[in-house]
Every structure is written in C-alpha cells, then in structure tokens.
Amino acid sequence: RALWDAPAPVPGLKISLEFFPPRGAQAEARLWETVARLAAYAPDFVSVTYGAGGSTRDKTRDTVLRMRRDYGLAAAAHLTCVDASRADVMAVAEGYIADGIDHVVALRGDPPQGAGPYVPHPDGFPFAVDLVRALADLGRFEISVAAYPEVHPQAQSAGADLDNLKAKLDAGATRAITQYFFDPAVFLRFRDRAAAAGITRPILPGLMPVLGFQQIKRFSAACGAGIPDWMERLYDGADADEATHQAVSAMLLAEQARVLAAEGCADLHFYTLNKAELTISACHLLGIRPRAEVAAARAAG
Ligand code: FAD
C-alpha cells in the first residue's frame with residue numbers, strides 16, 4: 001500500500017474564503033498578493049468582513065468591488081446591525097445594490113471590546129434575523145448568515161440558538177456559515193441537530209487556520225470555540241519553532257477539511273486571515289490544484 005494515497009478532488013467540492021479589509025499600505029499589499037494566489041483555486045465565493053459598528057464601511061465595499069472587478073471573484077460584503085439605525089444600515093445596503101454587490105453576509109455584530117453586553121440600537125435592527133428580513137424584502141441579495149456549532153455565547157439555550165438559525169434561513173437566507181470549530185465531530189453533530197430541526201439549506205463549516213496557537217486559544221475563549229485536549233498536545237512545544245508550528249497547522253487544517261469532505265460536506269469555508277499559505281496547503285492536500293491559466297499568468301509575472 002502506498003504511504004500516501006494522493007486524494008482525487010472530492011467530486012463537487014467547493015471552497016469559499018473570508019477576508020478582512022486591510023488597514024495600512026503594507027496590509028493592503030499583502031491582502032492583494034493573498035487574493036491573487038487564492039483566486040487561482042477558483043473559490044465559489046469570497047466575503048469581506050464589516051468592522052465593529054461599521055468602522056470599515058467604505059473599506060469593506062471597496063475591497064469587495066476590487067475583488068469582483070480585478071479578480072473576477074463572486075465577492076460578498078458583510079453587514080452588521082450593531083450601533084447603527086435601521087436607516088443607516090439600509091443606506092449601506094442600498095449602496096451595495098448601486099455598486100452591483102449582490103451577496104450580503106447579514107450579522108448582528110458585537111459591541112466594541114470592553115463596551116459591555118450587546119444592547120440593540122434604539123432605532124436599529126435588534127438581531128440578525130431582523131436585518132435578513134429587511135434585506136430579503138429588497139429582493140436584490142443572496143443572503144448568508146452565521147451559525148454556531150458550539151452555541152453562540154449569549155444564546156438563551158442551544159435550542160433557542162438553533163431556532164434563531166432556522167428563523168434566519170426561513171426569513172430568506174440561502175446558506176449559513178459557521179463560527180470556526182476545531183473538532184470536526186462538533187460540526188457533524190451540529191449538522192445532525194440542524195437537520196432534525198428541519199433546516200435544509202446548506203451549512204458551510206468555517207475552518208480557521210491556526211497562525212498562532214496561544215493567540216487562537218485566547219480568542220476562542222471569547223467566541224465560544226472549544227480547544228480540544230488533543231490540540232493542546234499537538235501544539236505542545238511547537239511555538240518554539242516556526243516551521244514546526246506551520247507544519248502542524250497545515251496538517252490540522254487539511255485533516256479537518258478531509259474529514260468533513262469525507263462526511264459529505266461539499267462546501268468548505270476558510271477564514272483566511274488574509275494569508276494564503278495554510279489555506280493553499282489544505283486545498284493541495286484535498287487534491288485541489290490552482291487553475292492552470294492563473295498559475296501560468298502568475299509565473300509569467
Ligand atoms: P444573531 O443571529 O442575531 O444572534 C445573536 C445572539 O442573539 C445569539 O445568541 C442568538 O441566539 C440570540 N438571539 C437571537 N434572537 C434573539 C431574541 N429575539 N431574543 C434573545 N436572543 C436572541 N462580526 C462583525 O462585526 N463583522 C463581521 O463581518 C462578522 N462576520 C462574521 C461571519 C461569520 C461567518 C460569523 C460566524 C460571525 C461573524 N461575525 C462578524 C461575528 C458576529 O457578529 C457575532 O458572532 C455576533 O455576536 C452574533 O452575530 P449573529 O449575526 O450570529 O447574531
């Protein structure tokens with residue numbers, strides 16, 4: 001038996017990618033280099049986040065527009081309700097329509113760090129479902145929403161959180177994208193619970209590349225993503241050596257993707273963190289190769 005049975009691409013497997021709007025010239029240059037590399041993997045769609053309380057409003061739109069124009073990507077813009085009136089949020093949505101943006105990832109958003117618990121804006125959309133309804137009424141958008149395999153930290157219960165997801169999909173969203181998780185079994189159990197609750201629209205597993213294990217541990221505590229014990233053991237000592245850390249992270253991301261694909265997940269969503277390497281490693285190990293013409297154009301400079 002061969003040591004490595006190079007996987008054939010899983011039939012119908014699609015990837016999608018999340019980016020965030022860059023801050024500063026260096027980050028901007030790095031983003032476009034990353035986008036150019038990842039565009040060769042023909043993502044089904046890409047999306048660009050919306051900074052807390054609209055802080056990246058114009059930058060989100062401009063980044064989406066350039067992805068569509070210069071890279072031919074089906075780029076979606078995120079939009080949040082937090083700290084904004086309905087009128088302001090809908091003005092942004094109308095702007096998206098005017099600019100030809102036809103896919104919105106509709107979210108509640110979070111208050112800025114240290115600002116205390118979420119309180120809806122007095123004239124705003126209280127929850128994401130309310131935004132989804134308003135966007136769906138416009139009849140111009142494909143709408144994606146967020147889902148939480150490990151339950152949203154502020155949910156009243158796991159059941160209420162799932163009811164909320166179903167409400168968002170019933171209100172007009174066509175797919176959900178999950179918060180990241182590390183144990184594929186967590187996602188698969190969630191997928192089963194969603195199916196039992198009557199959810200039929202696609203739920204895309206969100207996969208997070210581990211750029212720094214200590215950093216992701218801190219971040220995960222806040223957003224409710226569990227760190228399995230086996231991950232602690234996997235990274236034990238890896239921080240001391242960059243190449244080892246990178247290799248462990250590439251293997252982990254690829255293995256998560258491989259297990260999910262083998263379980264019939266045909267759409268995998270990667271949180272790229274505006275870096276290409278780990279996502280490319282995972283695609284490669286899944287058997288996905290860059291489109292020849294894009295690779296050739298890059299090689300020719
Ligand atoms: P909702 O679906 O409104 O749910 C929020 C909470 O309220 C849940 O606990 C839910 O159970 C509860 N709830 C819903 N309805 C009610 C009700 N009637 N009464 C009481 N409780 C209720 N943040 C950003 O700022 N910008 C981004 O670009 C961004 N992109 C993201 C992309 C993805 C794929 C994901 C998973 C998250 C993203 N986030 C982003 C983070 C997101 O804004 C936060 O997780 C936020 O806390 C919840 O947003 P939501 O849209 O899931 O909210």
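This is a predicted model: local features need pLDDT of at least 70, side-chain atom pairs count only at pLDDT 80 or more; totals for chains, interfaces and linings use all residues.
1. The protein holds eleven helices and eight strands, where helices (H or I, at least four residues) and strands (E, at least two) are DSSP runs numbered from the N terminus. Its radius of gyration is 19 Å, close to the 19 Å that the globule rule gives for 301 residues, so the protein is as compact as a globular protein of that length; the radius is taken over C-alpha atoms, and the rule is 2.2 Å times the number of residues to the power 0.38. The C-alpha trace spans about 60 × 45 × 35 Å along its principal axes.

2. Residues are numbered from 1 along each chain as its sequence is written.

3. Of the 301 residues in the protein, 39% are buried; a residue is buried if 20 or more other C-beta atoms, placed from the backbone, lie within 10 Å of its own, exposed if 12 or fewer do, and partly exposed in between. Among the contacts with a separation of 6 or more, 81% are accounted for by residues 24 or more positions apart, a contact being a pair of residues whose C-beta atoms, placed from the backbone, lie within 7 Å.

4. Which residues come nearest to the ligand? Of the 24 residues around the ligand, they are T49, H78, R108, A128 and A146, and a residue counts as near if its C-beta atom, placed from the backbone, lies within 6 Å of the molecule. At least two residues of this shell come from each of strand 3 (75-80), strand 4 (103-107), helix 5 (158-170) and strand 6 (175-180), and helix 5 gives the most, with four residues. The shell divides into ten nonpolar, ten polar and four charged residues, with Ala, Val, Leu, Ile, Met, Phe, Trp, Tyr, Cys and Pro counted as nonpolar, Asp, Glu, Lys and Arg as charged, and the others, Gly among them, as polar.

5. Helix 5 also packs against helix 4 (residues 128-138), at an angle of about 10° and with the axes 9 Å apart; axes are lines fitted to C-alpha atoms, for helices over the stretch in contact, and angles run from 0 to 180 degrees between N-to-C directions. Helix 4 and helix 5 are therefore roughly parallel to each other, the term used for angles under 35 degrees. On the side of helix 4 the residues are A128, V129 and V132, and these meet N164, A167 and K168 in helix 5. The residues of this contact divide into four nonpolar, one polar and one charged.

6. Two loop residues on either side of helix 5 deserve a look. Y148 sits in the loop between strand 5 (142-147) and helix 5, and Y148 is buried, with 21 other C-beta atoms within 10 Å. Not counting residues up to four places away in sequence, Y148 touches D161, T178, Q179 and G224. T174 lies in the loop between helix 5 and strand 6 and is partly exposed, with 14 other C-beta atoms within 10 Å. Leaving aside neighbours within four places in sequence, T174 is in contact with E142, I143, S144 and R201.

7. A reader checking the backbone may wish to inspect D83 and N274. D83 has a positive phi of about 60° although it is not a glycine, and lies in the loop between strand 3 and helix 3 (86-98). N274, also a residue other than glycine, has a positive phi near 60°, and its place is in the loop between strand 8 (267-271) and helix 10 (277-286). D83 is buried, with 20 other C-beta atoms within 10 Å, and N274 is likewise buried, with 20 such atoms within 10 Å.

8. The loop between strand 2 (45-48) and helix 2 (57-71) contains G53, and T56 lies in the loop between strand 2 and helix 2 as well. Are these residues buried or partly exposed? G53 is partly exposed, with 18 other C-beta atoms within 10 Å, whereas T56 is buried, with 20. Leaving aside neighbours within four places in sequence, G53 is in contact with V82, D83, A84, G109 and P112, while T56, on that basis, is in contact with P21, Y50 and G51.

Key
Two residues are in contact if their C-beta atoms, placed from the backbone, lie within 7 Å. Angles under 35 degrees count as roughly parallel, over 145 as roughly antiparallel, 65 to 115 as roughly perpendicular and the rest as oblique.
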